[in-house]
Amino acid sequence: MPVITNVEDLKRIYKRRVPKMFYDYAESGSYTEQTFRENISDFDQLRLRQRVAIDMTGRSTASQMIGQDVSLPVALAPVGLTGMQSADGEIKAARAAEKFGVPFTLSTMSICSIEDVAENTDKPFWMQVYTLKDDDFMRRLFDRAKDAKCSAAVITVDLQMLGQRHKDLKNGLSAPPKPTFKNMVNLATKVPWGLEMLGTKRRFFGNIVGHAKGVKDPSSLFEWTHTQFDQALNWDRIREFRKMWDGPLIIKGIIDPRDAKEALNVGADAIIVSNHGGRQLDGALSSIRALPAILDAVGDKIEVHLDSGIRSGQDILKAVAMGAKGTYIGRAFIYGLGAMGEAGVTKSLEVMQKEFEVSMALCGRTSVETIDRDILMIPDDFEGNWAS
Ligand SMILES: Cc1cc2nc3c(=O)[nH]c(=O)nc-3n(C[C@H](O)[C@H](O)[C@H](O)COP(=O)(O)O)c2cc1C
């Protein structure tokens, strides 16, 4: 058993274990991947202010997100096809999250269905919802989430059309999938992954097959998903979704203060400052850079969360210090899942919690609510000195 001290260690094992086409699917951004890279490198621009001789005993990393207790201000982000990174991956990740005491968010495009995850976990999870055209499907999706006792819905608003990731097209990970011969050979070499996959029945989009009209098999599924993303989406349509769900609502995919204000008017409980992990508009600002302006615009009226680029507990600390009430990890938990299944997700959360706690203490703070911008050293031009 290798000694795992950080998320990068899990990523190395993940890369060896999972077929290249699924590794590439997670580990890529759109076009030149500038935003994907800057999501990470912009965290490095922030420095932490060390303090000494301050009592650091009695520490706690516990906090709340949308009024729900969390053991660390982090949730697992919705990640499509998680069940292809590891067999029954959504169930494994949800179990790790509930034992650790943080929310798990199930993607609309998951392999395990809402019902699968609910049956195999004890605590409520959060349901991510894409803004699709099929009203009947959308209504039933919210109803299914309600029946499964989901404690929040997360509506993703930044995917009216798909950003292009070169690697996916080259690997044939398209709709419908056309894996290349090279990919098939690579897949055949991933024996432990393949054996696990053979042992599960869950290999297609569990929330959709059998639930959307006319979708009964993979080929009709790809046809359906291809036509369902709503390019005509507007805020009135999002208000209609708000009416379909009367529980806590989070709007995901905001990177501009004007959109943050719109989300506020919809009656959301929180927004997630996110550029979809650099997978949508390449050239968009990193989330951590976009955060201060959004906090200035709506921070006193709505809870503001952040994702994109978090790879360590120090990144979580920096986002919270900047003013985010909570954060989400996407790839950082996928690395753990692909490397070691449920235990890997737990490991990813454990190493980040440790990093968060130690760094918080060395900044002279002992609880999440006492963390503020004073622990950060922010470059003058961090938000960018743009001409327009
Ligand atoms: C492989 C992959 C699949 C994703 N699928 C979804 C999805 O189905 N729904 C969604 O709202 N966001 C999706 N996202 C975006 C994540 O929820 C999250 O915003 C992003 O991963 C955060 O960036 P990070 O990976 O750097 O932490 C996906 C991200 C990745 C990497």
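UniProt positions are given in the numbering used here, and such annotations may be inferred rather than shown by experiment. In this predicted model, the UniProt annotation "binding site", taken from an unreviewed entry, covers Tyr-25, Arg-165, His-276 and Arg-279. These residues are spread over 255 residues of sequence, yet they cluster in space, with a largest C-alpha distance of 13.3 Å.

**Annotated positions**

- Tyr-25 is found in helix 2.
- Tyr-25 is buried, because 22 other C-beta atoms lie within 10 Å and the cut-off for a buried residue is 20 or more.
- Beyond residues up to four places away in sequence, Tyr-25 touches Leu-81, Asp-168 and Leu-173.
- Arg-165 is placed in a loop, the one between strand 7 (152-156) and helix 8 (166-171).
- Arg-165 also counts as buried, with 22 C-beta neighbours inside 10 Å.

**Ligand shell**

- There are 24 residues around the ligand, of which Ala-77, Gly-80, Ser-107, Gly-277 and Gly-330 come nearest.
- Two or more residues of this shell are given by each of helix 2 (20-26) and helix 16 (331-362).
- Sorted by class, the shell around the ligand comprises nine nonpolar, eleven polar and four charged residues.

**Helix 5 and Ala-97**

- Ala-97 belongs to helix 5, which spans residues 89-100.
- Ala-97 is buried, since its C-beta has 26 others within 10 Å.
- Leaving aside neighbours within four places in sequence, the contacts of Ala-97 are Leu-76, Val-102, Pro-103 and Phe-104.
- Val-74 stands 23 residues from Ala-97 in sequence, and the C-alpha to C-alpha distance between the two is 9.9 Å.

**Helix 11**

- Helix 11 (residues 218-228) has Leu-221, Trp-224 and Thr-225 as its buried residues.
- These three residues lie on the same side of helix 11, because they cover an arc of only 95 degrees around the axis.
- Exposed residues Ser-219, His-226 and Thr-227 are carried on the face of helix 11 turned away from its buried side.

Methods. Residues are numbered from 1 along each chain as its sequence is written. This is a predicted model: local features need pLDDT of at least 70, side-chain atom pairs count only at pLDDT 80 or more; totals for chains, interfaces and linings use all residues. Helices (H or I, at least four residues) and strands (E, at least two) are DSSP runs, numbered from the N terminus. A residue is buried if 20 or more other C-beta atoms lie within 10 Å of its own, exposed if 12 or fewer, and partly exposed in between; C-beta atoms are placed from the backbone. Two residues are in contact if their C-beta atoms, placed from the backbone, lie within 7 Å. The arc is that of the directions from the helix axis to the C-beta atoms. A residue is near a molecule or strand if its C-beta atom, placed from the backbone, lies within 6 Å of it. Ala, Val, Leu, Ile, Met, Phe, Trp, Tyr, Cys and Pro count as nonpolar, Asp, Glu, Lys and Arg as charged, and the others, Gly among them, as polar.
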